[in-house]
Amino acid sequence: MTNDAQSLRCIDLHIHTQFSDGKHSLDEAYKVAHNKGLKYVAITDHYSEFTALPNRMSKRDLGGYLETLRRVQAFKGLEVEIMEDGSVSMSAKTGNDFDVIVGGLHSVHGVRFWRDLTPILDAKGFVDDVRVALIKAMESRCLDVLAHVTWLPPSLCSRMRELVGAEWIASVIEAASDFGVAIELNGRWQLPNEDWVKRCVHHGVQLSLGSDAHTLQAIGNTGHGVKLLTDLQVPKDLVYLPRNMTL
Ligand SMILES: [Zn+2]
Ligand SMILES: [Zn+2]
């Protein structure tokens with residue numbers, strides 16, 4: 001059985017709030033998601049357990065975050081930091097309190113992927129270090145979903161096809177398959193592409209829909225992923241939902 005776009009549009013498993021770098025309160029985010037007709041909603045604020053990082057929740061904030069999440073009917077989620085060495089910014093014990101742990105890599109070699117125009121001299125080495133970090137993070141078994149894979153700093157974006165080749169993709173998808181991690185179709189960055197979806201289907205790797213919303217307007221903006229899942233007629237059992245739920 002294939003997916004219909006309507007049921008896929010009810011999923012958004014990657015939303016930020018003021019608990020990290022979102023622009024709105026968690027209650028507002030949930031209300032807007034509900035009003036937009038979303039049925040499967042995960043709030044996934046950035047979290048750093050071991051080191052204080054800007055715009056990341058610390059362990060101190062976790063109690064209040066969980067308490068607020070229990071009030072709304074959203075899945076309890078976190079976006080943990082994948083560090084350059086492949087470690088993740090959360091202990092396995094903390095993960096037990098949540099329904100969905102999304103892992104995101106946001107910088108390598110001190111170059112942030114967001115608006116950082118630092119020139120990268122060894123682009124191949126840089127992109128390979130990204131690959132190694134993603135795979136190591138999946139090996140930790142702390143992640144349910146790998147966020148915005150193939151997101152790179154702006155200076156490398158135009159070279160994506162050359163830098164992220166078939167072997168690069170194959171090794172990341174193989175690790176996702178080995179460690180049971182879903183690959184996210186990210187609405188904000190419109191990543192990854194059709195090739196990834198075909199390969200994930202081939203390897204039985206689940207795909208997750210997330211807007212990566214930081215504003216109320218962006219909640220539910222999962223059109224990139226919905227289109228890919230629909231066009232490629234991805235079976236429903238390959239659409240990731242927390243708590244082993246199925247569409
Ligand atoms: Zn992220
Ligand atoms: Zn995010």
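Which residue in E2 is the bridge partner of Ile-15? The legends below describe a predicted model, and the first view takes up this pairing.

**Figure 1. Strands E1 and E2 at one end of the sheet.** The bridge partner of Ile-15 is Ile-43 in E2. Three bridges link E1 with E2, and the two strands run parallel. From E2, Tyr-40, Ala-42, Thr-44 and His-46 point one way, while Val-41, Ile-43, Asp-45 and Tyr-47 point the other way; all of these residues are buried. Because eight of the eight residues of E2 are buried, this strand is largely enclosed by the rest of the structure.

**Figure 2. Pairing of strands E8 and E9.** Strand E8 (residues 182-186) is joined to E9 by four bridges, and the two run parallel.

**Figure 3. The surroundings of Ala-182.** Ala-182 is found in strand E8. Is this residue, Ala-182, buried or exposed? Ala-182 counts as buried because 24 C-beta neighbours lie inside 10 Å, and the cut-off for a buried residue is 20 or more. When residues up to four places away in sequence are not counted, Ala-182 touches Asp-144, Val-145, Val-205, Gln-206, Leu-207, Ser-208 and Tyr-240. Asp-122 stands 60 residues from Ala-182 along the chain, and the C-alpha atoms of the two are separated by 29 Å.

**Figure 4. The packing of helices H5 and H8.** H5 and helix H8 (residues 166-179) have axes 9 Å apart and pack at an angle of about 5°. That angle makes H5 roughly parallel to H8, as angles under 35 degrees count as roughly parallel. On the H5 side, Arg-131, Leu-134, Ile-135, Met-138 and Glu-139 take part; they meet Trp-168, Ser-171, Val-172, Ala-175, Ala-176 and Phe-179 in H8. The residues of this contact divide into eight nonpolar, one polar and two charged.

Figure 5. Trp-196, Val-197, Arg-199 and Cys-200 are the buried residues of H9. Seen down the helix axis, these buried residues fall within an arc of 170°, so they line one face of H9. An α-helix has 3.6 residues a turn, so residues three or four places apart point the same way. The buried residues of H9 pack against H8, E8, E9 and H10. On the other side of H9, Glu-194 and His-202 are exposed. Just after H9, Gly-204 takes a positive phi of about 70°.

Figure 6. Pro-192 is placed in the loop between E8 and helix H9 (194-203). The peptide bond from Leu-191 to Pro-192 is cis, and its omega is near -15°.

Figure 7. Asn-55 lies in the loop between strand E2 (40-47) and helix H3 (62-71). Although Asn-55 is not a glycine, its phi is positive, at about 65°. Asn-55 is exposed, since 12 other C-beta atoms lie within 10 Å. Asp-212 lies in the loop between E9 and helix H10 (223-231). Phi of Asp-212 is near 60°, again a positive value in a residue other than glycine. Asp-212 counts as buried because 25 C-beta neighbours lie inside 10 Å.

Methods:
Residues are numbered from 1 along each chain as its sequence is written. Chains are lettered from A and ligands numbered from 1 in the order in which they are written. This is a predicted model: local features need pLDDT of at least 70, side-chain atom pairs count only at pLDDT 80 or more; totals for chains, interfaces and linings use all residues. Two strands pair if DSSP finds at least two bridges between them. Axes are lines fitted to C-alpha atoms, for helices over the stretch in contact, and angles run from 0 to 180 degrees between N-to-C directions. Angles under 35 degrees count as roughly parallel, over 145 as roughly antiparallel, 65 to 115 as roughly perpendicular and the rest as oblique. Two residues are in contact if their C-beta atoms, placed from the backbone, lie within 7 Å. Ala, Val, Leu, Ile, Met, Phe, Trp, Tyr, Cys and Pro count as nonpolar, Asp, Glu, Lys and Arg as charged, and the others, Gly among them, as polar. The arc is that of the directions from the helix axis to the C-beta atoms.
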